[in-house]
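Welcome to this short tour! Please open your viewer, get ready to select residues by chain and number, and follow along one stop at a time.

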Amino acid sequence: MKPKQLESLLGDLQQFSNPEVELEQYPTGPHIASRLLYTERTFFFLFLGLHFLVLLASWVLRFSFCLFVFGVFFKAENSFDDISNKVVADFGCGCGTLAAAAAAALLGAKQVIGIDIDSQSLEIASTNAEDLELDMDFIQCDISNLGWRGQIVDTVVMNPPFGTRKKGIDMDFLFVAVKVQLL
Amino acid sequence: MRLLTHNMLSSNIKGVANGFPLRIEVEKVVEKEVEINHDFLRNIFPKIDWKALSDASRIMGYHELPEEPPEPSVLEADIEFLRKFHHALLELHLEEGALLCPESGRKFPVNKGIPNMLLLEDEV
């Protein structure tokens, strides 16, 4: 599937009907979602890294460990040779745009799991998955108390809340994403 | 919710030492066929808690999986076994029911295939 085809597919997805400001709900654009999944491996790391760098730049003095976390996240991704046969999780999936992009774009067998705190979003995500005939599981939970066993998840994709409403939530997401891949 | 996901989820209630595996209460199971991928199954096999998968599949009404995990060599040669593994792991969906914390018995409802793992204030 070409990036433009994926972009077009994602454009048809249903989005939040009543976005909740406190949860920082907003749709991940089809263009950015499709490009995220398709960029060159090294650039993928850079992009993700840059995204987090920008995110973390304002916190760097207060949380010096975050650079370490960022570096570790990078390292965890280096053993990412074969993009197929992976279990992918989307933390804070919302209406499932990124999760759907992962499910549609990643060729070969993979399982995509979307996690979000809001039941309305998950219902929309579920409908979207059905409409696109994509095979995805969804879990409703708060990311900070997710009980997750083992290291089944290979890759985490996410466009999490940035912490504009609930301070520090971005770090929670980053932390869990790294933890899930390392433990 | 398929059993691959169930194999990863545990109860994170305060005070619970081991919240895995979650017990399953079945109200409705749906079978959805999905294309088999042998490589994927071979890759994921070492990460799966076999007993949890085998017990869960039995509760969901599928009795073909052995209780003891097979030798890895079985996965290389036995296609029929791979098909059963595939079916239990990826094609059985708990559509309605609940997941129960093995220690506290607390129920996490499952509706339309989505488990609700949100904790109450006093459980965090």
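Predicted model: local features only at pLDDT ≥ 70, side-chain atom pairs only at ≥ 80, totals over all residues.

**Stop 1**

Show the side chains of B:R83 and B:E80. They form a salt bridge, and the closest N and O atoms are 3.1 Å apart. Side chains of opposite charge can pair when their charged atoms come close.

**Stop 2**

Next, switch to a cartoon view and select the strands of chain B. You will find an open sheet of 4 strands in the order β1-β2-β3-β4, with antiparallel pairing. β1 (23-31) and β4 of chain B stand at the edges; each has a single partner strand, so one side of each has no neighbour in the sheet. Follow β1(B) to its partner, strand β2 (residues 92-100) of chain B: the two pair in the antiparallel sense over 8 bridges. To see one of these positions, pick B:E25, whose bridge partner in β2(B) is B:A98.

**Stop 1: where the two chains meet**

Chain B brings 30 residues to the contact and chain A brings 28 residues. The size of an interface is often given as the accessible area lost when the parts come together. Here, the area buried between chain B and chain A is about 2,400 Å², with carbon and sulfur atoms giving 57% of it. Select B:M8, B:K47 and B:I114: these supply 27% of the area that chain B buries against chain A, more than any other three residues.

Polar groups meet here as well: 13 residue pairs are in polar contact across the interface of chain B and chain A. On the side of chain B that touches chain A, the elements giving two or more residues are α1 (3-6), α2 (38-44) and β4 (114-115) of chain B. Of these, α2(B) gives the most, with 4 residues. The residues on that side divide into 16 nonpolar, 9 polar and 5 charged.

**Stop 2: salt bridges across the interface**

How many salt bridges cross the interface of chain B and chain A? There are 4, while the count over all chains comes to 12. Let us visit some of those that join the chains.

- Select B:K112 and A:E123, whose side chains meet in a salt bridge (3.6 Å, N to O). B:K112 lies in the loop between β3 (107-111) and β4 of chain B and A:E123 in helix α6 (residues 119-131) of chain A, so this pair joins two chains. B:K112 counts as exposed at 53% relative accessibility, whereas A:E123 is partly exposed at 44%.
- Select B:K47 and A:D154, which meet in a salt bridge (2.9 Å, N to O). The pair crosses from the loop between α2 and α3 (50-59) of chain B to the loop between β3 (136-140) and β4 (155-157) of chain A. B:K47 is partly exposed, at 30% relative accessibility.
- Select A:D137 and B:R2, whose side chains meet in a salt bridge (3.3 Å, N to O).

Methods
Residues numbered from 1 in each chain as written. Chains lettered and ligands numbered in written order. Heavy atoms only, no water. Contact = heavy atoms within 4.5 Å. Buried area = accessible area lost by both parts, 1.4 Å probe. Polar contact = N/O pair within 3.5 Å; in protein donor to acceptor, adjacent residues only side chain to side chain. Nonpolar A, V, L, I, M, F, W, Y, C, P; charged D, E, K, R; others polar. Buried < 20%, exposed > 50% of the residue type's maximum accessible area, 1.4 Å probe, protein only. Pairing = 2+ DSSP bridges.
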